[in-house]
Amino acid sequence: MKTKLIIDTEREGYGTDQVRRTMTVGELIAALEQYDEDTPVFLGFDRRYTYGGITEACFEEVEADEDDEDDE
């Protein structure tokens with residue numbers, strides 16, 4: 001049976017300033033190094049009641065000031 005990596009996550013707020021803690025890119029890379037590079041990655045929501053995938057199109061860079069304006 002092939003392993004699937006599921007990242008269980010939860011909604012914490014309407015703005016990034018309401019998220020208690022999130023990993024840095026370095027922490028995420030270090031955590032993923034233990035998995036085979038062909039392991040599929042999924043996001044699990046609502047105690048794995050619903051799921052989502054991750055693709056390159058999901059990534060978006062925003063400047064800190066721009067993101068903070070959205071939170072107001």
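**View 1. Aspartate 8 and arginine 48 form a salt bridge in this predicted model.** Their closest N and O atoms are 3.0 Å apart. Aspartate 8 belongs to strand E1, while arginine 48 sits in the loop between E2 and E3, so the pair ties together parts that are 40 residues apart in sequence. Both partners are partly exposed: aspartate 8 has a relative accessibility of 47%, and arginine 48 has a relative accessible area of 40%.

**View 2. Here we meet the salt bridge between glutamate 10 and arginine 20.** Both residues lie in the loop between E1 and H1, ten residues apart. The closest N and O atoms are 3.0 Å from each other, and glutamate 10 and arginine 20 are both exposed.

**View 3. Aspartate 46 joins arginine 11 through a salt bridge of 3.2 Å, N to O.** Aspartate 46 is partly exposed at 41% relative accessible area, whereas arginine 11 is exposed at 62%.

**View 4. Three strands make an open sheet in the order E1-E2-E3, with mixed pairing.** At the edges are E1 (5-8) and E3 (50-53), each pairing on one side only. From one strand to the next, the twist averages 35 degrees. E1 and E2 (residues 41-45) run parallel and are joined by four bridges; look for isoleucine 7, whose bridge partner in E2 is leucine 43.

View 5. Tyrosine 35 lies in the loop between helix H1 (25-32) and E2, and is partly exposed at 32% relative accessibility.

Key: Residues numbered from 1 in each chain as written. Predicted model: local features only at pLDDT ≥ 70, side-chain atom pairs only at ≥ 80, totals over all residues. Heavy atoms only, no water. Pairing = 2+ DSSP bridges. Helix = DSSP H or I, 4+ residues; strand = E, 2+ residues; numbered from the N terminus. Axes fitted to C-alpha atoms, helices over the stretch in contact; angles between N-to-C directions. Buried < 20%, exposed > 50% of the residue type's maximum accessible area, 1.4 Å probe, protein only. Salt bridge = Lys/Arg side-chain N within 4 Å of Asp/Glu carboxyl O.
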